[in-house]
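The entries follow in the order I made them.

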Amino acid sequence: MSSLEEPLGFDKLPSMNTMDRVQRFSSGCCRPQVDNLGMGNCFIEGRSCSTSNSCSEDNEGYTAETYPWKRQTRDMSRRDSFSQKTTIKGRNSMKFGIVDNSFYTSDYQYSQKPSNKDMQDMAYKVMKGMPEFVKIVEVGPRDGLQNEKNMVSTDVKIELIHRLASTGLSVIEATSFVSPKWVPQLADAKDVMKAVHNLGGIRLPVLTPNLKGFEAAIAAGAREVAVFASASESFSKSNINCSIEESLARYRAVTSAAKALSIPVRGYVSCVVGCPVEGSVSPSKVAYVAKELYDMGCFEISLGDTIGVGTPGTVVPMLLAVMAVVPTEKLAVHFHDTYGQSLSNILVSLQMGISAVDSSVAGLGGCPYAKGASGNVATEDVVYMLNGLGVKTNVDIEKLMSAGDFIGKHLGRPSGSKTAIALSRVTADSSKI
Amino acid sequence: MHKIVQRVRFFNRSSLLTHSHFDQSQLVSAFSNTVTMDQTRTLQFLHFREITNTRELRNAFDKYDKNVLSRCLNWTSRENDNHHAASYVVNRHFTADHNDRCRKEFSSKLLKNIPDFVKIVEVSARDGLQNEKVIVPTDVKTKLIKLLVSSGLSVVEATSFVSPKWVPQLADAKDVLAAIRDVEGASFPVLTPNLKGFEAAVAAGAKEVAVFPAASESFSKANLNCGIEDNLARCRDIASASRSLSIPVRGYISCVVGCPLEGKISPAKVAYVAKSLYEMGISEISLGDTIGVGTPGTVIPMLEAVLDVVPVDKLAVHFHDTYGQALSNILISLQMGISTVDSSVSGLGGCPYAKGATGNVATEDVVYMLNGLGVKTNVDLGKLMLAGDFICKHLGRASGSKAATALNKVTNNASKL
């Protein structure tokens, strides 16, 4: 029986006929109602039902049944849900001697049309590892603005950070203490940091490429820093002018200085699936760099697909390699949408249990390696998907959209977020028919 | 020992890249100088189990000295290490190669169910052009269809026999069909709203037709001027007429996740319409998220309900990218076993319900993802991009495909660094 593969507990769910199950599964950011048609237009008029907070509070009583795949996750919140389900699979495959098709080697008759149970299993399988809460790390003010052609004034940057802070985001990357020679867009790092470092309840990490940058950041009031190594040797040399080992040595200096001051350090690994120079990047390389950063004291490692070439086919092996050496809860994913692949990559990462996602409001930040192509994934699109998945983010999508509008106006460019564009048009036209 | 085998196989994909089938003996010889005798023997006799257990992997990893490991596993940062990169040439390696190795080796449950082959149904010539502001002349449409067929697409929706009063962009339906009569290698379904349209289509030479009921009553009334049941009755007429002529009929269901009027749509409704279409002999049912609001949270229950009543091989998914959700919805559908995807080159076709917002998902983006997943499509991404460039020039708009945009820019800049 296919249920042999699954952890116990799912078998013990009360059996539901299709209608009940369908009703209960009907998710979205709104409360499922008793009558089949009665959802109202709340998901279209994003403005009225935009706060995942309020919806999920209403949904408190529904959560267990609405997303039955979450039942298991909650029970295993302390453990790695991915290894749990694969341990059992491992046992099963040893028993049968084959890995695939154990699904069908049981008594169960394989027929063209999968049964109810198989469908449940399939949906369960693909959604089981999904976390209940995903932390969104907003990189718009740093990674976004850093890669925009037009520069904005310090005031605009400060206002953007304030607006983002009011959306419910808990981590906003404020700026970078890299030399202004390399990143002129963020030359005002000190001023920005001085103005925002006291914002309560928000973490404001800043990028620091070396000890000097670290000291400047601390002097300006930073309480969290970030370092960035590359999984690709050539990219490291061309981008930060030193080999991977040299950069790691620099960061060891930063992390020990940070440790002395109790300052948390976030680690970025770039080119985790592909490099503009080398092409494909081996997952073991990524695992090595991630482990080094983790061992030197980074509290979180963000895996970045710098040129956006990843697809689930390359992302999954990479994540498997890294998750073997760094605990899943310490990992974040930072996908670029250059090839339009980021949301599906984020989805598969969530399925593997990752619960922190980097994104940029309005998709700020182009790709420096493909002029005119897009870069960061848009936070609004990510939040829209997470809301639809029933994953909590504490982010208010409407306020997020207004922050995106604000910066878009100042940069003189339209939003890079499809959700933002759709939601801002649709209220005008929904009564068109 | 078993664990070492796993880890070795897992981490040193470099030696596997050059072989399409995993060759045990070759791997053994590659490691014979760094691996002990015991381990070698084990490698020879053990069945190579794919990595399924992260915990085992982690345990195995921790036991070994990093230096030993780095020699075995080849992941130091020494200059010459990246020989595995040699199998990839910078130019188009991210796009055209099949990532078979990833899917076959890592039987992660997430990727296991994904079909080996996915059929792409190209809808730009109909659904795309129908929703573009600019009207394109017949010869441009014909050229577009020919370019699409030459890229390997086997199903290209050619046009629609809906009244030109409603869809002026496709008023030249008859002429388009006449012009592509001799094009081989693909089938060209056309939309037919009713029996009259069906007869006109057959007279013009159509060999495959499509009907389009909605899962939402209000949308059906507003968009097609009749309720769901009436629409299904019309579909039945077309289905029986086409049966006698051996013409396959494809069915589209619109608003499968959400409706601009009603809001959320119950999966049971969609299943009902799908079942009705299936029972009347429709050859394939394409589930359309007309306004693009779906996310895996709503798509999965909808697919579950439909898969309950229609076999998976009869189903296709037609997601709109209005909220940027299409690719993740497609991924989840693939994970649930769907193997036909509708898309539109360059993302042609805006959303009529949210002016300025996008509509269809771009075929180039879908093919890019499928290539990366190791799924066969028989579509050549380069040739597809040519078709996209061509039609975008004529429409005077930029491509709606991020993959195409990136690939067009990156070949200019790949040697930037």
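Is A:Glu224 buried or exposed? I found A:Glu224 buried, at 4% relative accessibility. I take buried as under 20% relative accessible area, exposed as over 50%, and partly exposed as in between, with a 1.4 Å probe and protein chains only.

Ground rules next. This is a predicted model, in which local features need pLDDT of at least 70 and side-chain atom pairs count only at pLDDT 80 or more, while totals for chains, interfaces and linings use all residues. Residues are numbered from 1 along each chain as its sequence is written, chains are lettered from A and ligands numbered from 1 in the order in which they are written, and side-chain values use heavy atoms, with hydrogens and water left out.

**Salt bridges**

I stayed with A:Glu224 and looked for its partner. A:Arg203 forms a salt bridge with A:Glu224, and their closest N and O atoms are 2.8 Å apart. The pair joins distant parts of the chain, 21 residues apart: A:Arg203 sits in the loop between H9 and strand S4 (206–207) of chain A, and A:Glu224 in the loop between helix H10 (211–219) and strand S5 (225–230) of chain A. A:Arg203 is partly exposed, at 31% relative accessibility. My rule for a salt bridge is a side-chain nitrogen of Lys or Arg within 4 Å of a carboxyl oxygen of Asp or Glu. Helices (H or I, at least four residues) and strands (E, at least two) are DSSP runs, numbered from the N terminus.

I counted next: 21 salt bridges over all chains. I then looked up A:Asp188 and A:Lys157, whose side chains meet in a salt bridge at 2.9 Å, N to O. This pair also links distant parts of the chain, 31 residues apart, with A:Asp188 in the loop between strand S3 (175–176) and helix H9 (189–196) of chain A and A:Lys157 in helix H8 (residues 154–165) of chain A. A:Asp188 and A:Lys157 are both buried.

In chain B I checked B:Glu217 and B:Lys221, a salt bridge with closest N and O atoms 3.2 Å apart. They are separated by about one helical turn because they are four residues apart in helix H14 (residues 217–224) of chain B. B:Glu217 is partly exposed at 28%, and B:Lys221 is partly exposed at 49%.

One network went into the log: A:Lys135, A:Arg266, A:Glu300 and A:Asp358 are linked by salt bridges.

**A strand pair**

I followed A:Asp358 into strand S11 (residues 356–359) of chain A. A:Ala356 and A:Asp358 point one way, A:Val357 and A:Ser359 the other, and all are buried. Strand S1 (residues 135–138) of chain A runs parallel to S11(A), joined by four bridges. Strands pair if DSSP finds at least two bridges between them. A:Ile136 has A:Val357 as its bridge partner.

B:Glu122 lies in strand S1 (residues 119–122) of chain B. Its side chain reaches the backbone nitrogen of B:Val345 at 2.7 Å. I use polar contact for a pair of N or O atoms within 3.5 Å; within protein, one must be able to donate a hydrogen and the other to accept it, and residues adjacent in sequence count only if both atoms are side-chain atoms.

**Across the chains**

I looked up A:Thr311, in the loop between strand S9 (300–305) and helix H14 (312–323) of chain A. A:Thr311 is buried, at 3%. Its side chain reaches the backbone oxygen of B:Gly372 at 3.4 Å. Beyond four places in sequence, its contacts (heavy atoms within 4.5 Å) include A:Gln341, B:Tyr368 and B:Leu373.

B:Leu331 is buried at 0%. Leaving out residues up to four places away in sequence, B:Leu331 touches residues including A:Pro312, A:Leu347 and B:Met369.

**Positive phi**

Most residues other than glycine have a negative phi. I noted A:Cys271, with phi near 55°, and A:Asn394, with phi of about 65°. A:Cys271 is buried at 0%, whereas A:Asn394 is partly exposed at 31%.
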